[in-house]
Amino acid sequence: MNHKLLLAAVLLPTVMLTGCETLGGQDGGEVVVEDRGTQADGSQITGSDGATTTGASAGTAFQGHQLDNPQSILSSRIIYFEFDSASIRNEDRAAIQAHAEYLGKNGGATVALEGHTDERGSREYNIALGERRAKAVRQLLLFQGAVSSQLQTVSYGEESPAAIGHDEDAWQQNRRVEITYKTR
Amino acid sequence: MQPSNKKYRNIFSLVIFVLLLAASPAKAALTIQITEGVDGAQPIAVVPFATDQLKTALPYDLVSIINNDLARSGRFSPMPEKDLIARPHDGGTVRFSDWRLVNMDYLLVGRVRQLGDVNYEVQFQLFDVFKGEQVTGISYPFVAGDTRRMAHRISDIVYEKLTGQRGAFNTRIAYVTALTAVTGKRQYRLNIADSDGFNEQTILDSSKPLMSPSWSPDGQQLAYVSFEAKRPQIFVQQVFNGQRQRLTDFKGLNSAPVWSPDGKHLAMTLSKSGNPELYLFELATKKLTQLTKHPAIDTEPTWSPDGSKLVFTSDRGGKPQLYIMELSRNKPVSRPRRLTFEGEYNARGAFSPDGKYLAMVTGNRGRFQIAVLEMANNTLQVLTDSRLDESPSFAPNGSMIIYATNRNNRGVLAAVSVDGRVHQRLEVQQGDVREPAWSPLTDAQ
Amino acid sequence: MKEVIRNNFGAIIFSIAVHAMLLGLLFFSFDFQPERKLLTIKPNVIKAVAVDASKVQAELEKLKRADDRNKKKEKDRIANLKREENRLRKKRAAEEKKLAKLKKKRQAEERQRKLEQKNLAELKKQQAALKKKQQAETKKRQAEQRKQAELKKQQAAFKEKRQAELKKKQDAIKKRQALAKKKREADKKQRQKELAQQLAAEEQAREDKLAIREIDKYQVLIRQKVVRNWLKPTGSSKGLVSTVKVRLIPGGDVIDVKVIKSSGNVIYDRSVERAVRKASPLPLPKDPAIAARMYDIEFNFALET
């Protein structure tokens, strides 16, 4: 029950923000827009007279696939986990929700969910833990719009670390599920 | 009192007195209790074998291999060559009193003869210096290509005669090496080397991870997990001719393959049912038998030497702990019973060859170390002092446990004796070395 | 000869008769036992009919007195008879002499010279014979005396014997007393001896105590040295016990090592044997007498873990 309320509470302002962003682009004032191609990162465009204007936030200016939009929540493809845990953290739920929705809308899209762990503990157990993490993400996606056939899970355990290091910094980066779109 | 009675009484006392006098030497005057000793390696002097008669020199020096073996075991302390006080080659010229003065417990001497182009014969004698007698004297034929193996055999014999345990020097280790090229591309290799790190041979090369090598009981095959298809699959490969066969490719996990002691089954972990469970795979028929049925993770099975029990890792209690299951005719006869209660995290059990001990990875407050559980009285002893230890594997004579650890940011192999007294570092190979598996002893050795 | 006999026939007969009588009397008279021979008191026959006891008694007493007197008389008579005998003998001798004299007288005219000689010879003979007789008498008297003396001796001997027995008894008592005394003395000596022994033992015990302290100290040193030299066998040795008997020579060198109780584990046994050999020489007290007590040692190797 609380789940849904929380979700709603989180999603609502996000939706509004999106809306604002769309509007904001039109309130920008006098803007000399030079087409220098997409400046997806919303960097400043310096005009010939030295005046500087700031382009609106990339949202609507982005021209390309949603999935490639770095501003999109969909760019968030890595879900992180606590040690020895396969529980989805609150801060990751939005992203998963987004992906679920995307998958829901795009039936042909498929993702591979790669589960990983940090190096501590035993390897085979970590393979299983990685799988569990991947499956946790999978569950949530399913729950929120994706279809089973769109989801593949695989676990690499500790075999494929993202960060080579032997401290919490590296470990934290390694405890993850990577969402990889096979087809869009 | 009659005078005669008194006389008899005196004689009687005298007789008793004499008897007592006679009796006392048979009983020692003193008894001293010794309840402690010292721990330490036994000093042994290994004199370079006589090789002056050889036409063709041996490819390796037998005695330096023997010295390395004996020193590596932690049980012996070979005398440095420069300190040898004499260089006898057989018992005839040995002066035990001299060796006693330099406190050597044992002395090994020998000769090598050449019988043909590549055929040799070694003859060696092992002496107990303080007793002043020969412990054993043997001669063996061998070919040049087997020089290292011959040296390991001699080490095994010396080890066995002096400790009562079979030696494990003439054995192999399998392990995985992960290499990272400068481009960042990673390479994985399944390697086999002699127990002293020599003769490394790669039997599989892959750009994707390799895991969990497991020896067959006859030492001829290795089972392992390969991600070459971007998902884990279980393979079985002949060590000496490279022939291999993919055994399983089920949905989800195909992992932790372990050969049964009779060589007919592999226990493994599959998650095709939805979560990781233990299965038995019968090699001849490829028939699968499910052994566990629980939503928790059940993985990393290890067989007891008699094949009647499986210990595995399960987090059905919340966190990973070791559980034991009894089998009869390859079917579980009871519900799994929890084995480990100390520590927050216990995984990756490995039975000793005699079934008396169980090695494992134990985790406490973020530190992961190798521990050993004595099955008979349920006592747990932590053997290592580092933080990132994993994959314990027993030597086939049960004397040492080899494991993977981290040193200077590199994955390396190390070994520790079952009682924790002796620690060894193995030769650092290139790359990150992990997942060691010690080959079994075979009679052929 | 025949003439002589015919002429003196009466004298000869008389002489023979007297001799016979004398001999007969002698026979009777030598029997002087208290046993009375009624023959000798024949003459006292009491013819009275009525008599009273006292009188009889008186008579008996009288008779007894008479008897005694008679005895005495007899004794005297015997003595007399003897004397008589002697006299008679003498007489006979005299008679013979006479006869011879007569003979001689008759032959005197024929052989006066021979008679004289014969007389002389005869005298001599007679004298010799007389001497002999006297000697015989003396002998007899002596024999009598001897016999008396014998009697006396016997009595004396009997007395002596009794006295001797008495003495013996007394001696025996004395001996026993003497023995008792000896025993007391011996006991006293024994006690003194024991006391001395006790003192010696206490002294010994004191020395022993010192020795024991020394031994204890060196026991510790020996134990430490053996411990230092005992490389424990690998693996668990719990419950293994091995006993080794060691013989030392002065100076502490180990000359004999024998496992007298095996632990059942060859490696364990060998390790303990090696330990004592390596620990040689073992530290021993400087005093050789004390050190000698430590030449035989049993080591009991029993690891606690």
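Visitor: What share of the residues in chain A is buried?

Guide: In this predicted model, buried residues make up 40% of the 184 residues in chain A. To be included in that share, a residue must have under 20% relative accessible area.

Visitor: What makes up the secondary structure of chain A?

Guide: Chain A has five helices and six strands. Along the sequence they follow the pattern α-β-β-α-β-α-β-α-β-α-β. Among contacts in this chain between residues at least 6 apart in sequence, 68% join residues at least 24 apart.

Visitor: How do you know how much area is buried between chain A and chain B?

Guide: The value is the accessible area that the two parts lose on being put together, summed over both. For chain A and chain B this comes to about 2600 Å², of which carbon and sulfur atoms give 54%. A:R123, A:E124 and A:Y125 supply 27% of the area that chain A buries against chain B, more than any other three residues.

Visitor: How many residues of chain A and chain B are in contact?

Guide: 25 residues of chain A are in contact with 41 residues of chain B. A contact requires heavy atoms within 4.5 Å.

Visitor: Why do the side chains of A:R132 and B:D315 count as a salt bridge?

Guide: The rule asks for a side-chain nitrogen of Lys or Arg within 4 Å of a carboxyl oxygen of Asp or Glu. Between A:R132 and B:D315 the distance from N to O is 2.7 Å, which is inside the 4 Å limit, so the pair counts. Across the interface of chain A and chain B the rule finds four salt bridges. There are also 17 residue pairs in polar contact between these chains, with both residues at pLDDT 80 or more.

Visitor: Which elements give two or more residues to the side of chain A that touches chain B?

Guide: They are α4 (123–143) and β5 (151–157) of chain A. α4(A) gives the most, with 10 residues. By class, this side of chain A has 10 nonpolar, five polar and 10 charged residues.

Visitor: What does the contact between chain C and chain B consist of?

Guide: The contact takes 31 residues from each of chain C and chain B. About 3000 Å² is buried between these chains, 55% of it on carbon and sulfur atoms. C:L231, C:T234 and C:R274 supply 20% of the area that chain C buries against chain B, more than any other three residues.

Visitor: Why is the pair of C:R274 and B:D128 called a salt bridge?

Guide: The closest N and O atoms of C:R274 and B:D128 are 3.9 Å apart. The limit is 4 Å, therefore the pair qualifies. The count between chain C and chain B is five salt bridges, and 17 residue pairs are in polar contact, both residues at pLDDT 80 or more. On the side of chain C that touches chain B, α4 (112–229), α5 (266–278) and β3 (296–302) each supply at least two residues. The largest share, eight residues, comes from α4(C).

Visitor: How do you know that strand β1 of chain B and β3(C) pair?

Guide: Pairing needs at least two bridges between the strands. Strand β1 (residues 30–34) of chain B and β3(C) run in the parallel sense over five bridges, so they count as paired. B:T31 stands opposite C:E298 in β3(C).

Visitor: Why is B:N191 called buried?

Guide: B:N191 has 2% relative accessibility. The limit is under 20%, so the residue counts as buried. B:N191 lies in strand β8 (residues 186–194) of chain B. Its side chain joins that of B:T177 in a polar contact of 3.0 Å, a distance within the 3.5 Å limit. Beyond four places in sequence, the residues that B:N191 touches include B:I173, B:Y175 and B:E200.

Visitor: B:R348 and B:N409 both have a positive phi; is B:R348 buried or exposed?

Guide: B:R348 is buried, because its relative accessible area is 19% and the class takes values under 20%. B:R348 is found in strand β23 (residues 345–351) of chain B, and its phi is about 55° although it is not a glycine.

Visitor: What makes B:N409 count as exposed?

Guide: B:N409 has 55% relative accessibility, and exposed means over 50%, so the label applies. The residue sits in the loop between β28 (400–407) and β29 (410–417) of chain B, with a phi of about 60°.

Visitor: How do you know that the peptide bond from C:S280 to C:P281 is cis?

Guide: The omega of this bond is near -5°. C:P281 is found in the loop between α5 and α6 (288–292) of chain C.

Technical notes:
Residues numbered from 1 in each chain as written. Chains lettered and ligands numbered in written order. Predicted model: local features only at pLDDT ≥ 70, side-chain atom pairs only at ≥ 80, totals over all residues. Heavy atoms only, no water. Buried area = accessible area lost by both parts, 1.4 Å probe. Polar contact = N/O pair within 3.5 Å; in protein donor to acceptor, adjacent residues only side chain to side chain. Helix = DSSP H or I, 4+ residues; strand = E, 2+ residues; numbered from the N terminus. Nonpolar A, V, L, I, M, F, W, Y, C, P; charged D, E, K, R; others polar. Buried < 20%, exposed > 50% of the residue type's maximum accessible area, 1.4 Å probe, protein only.
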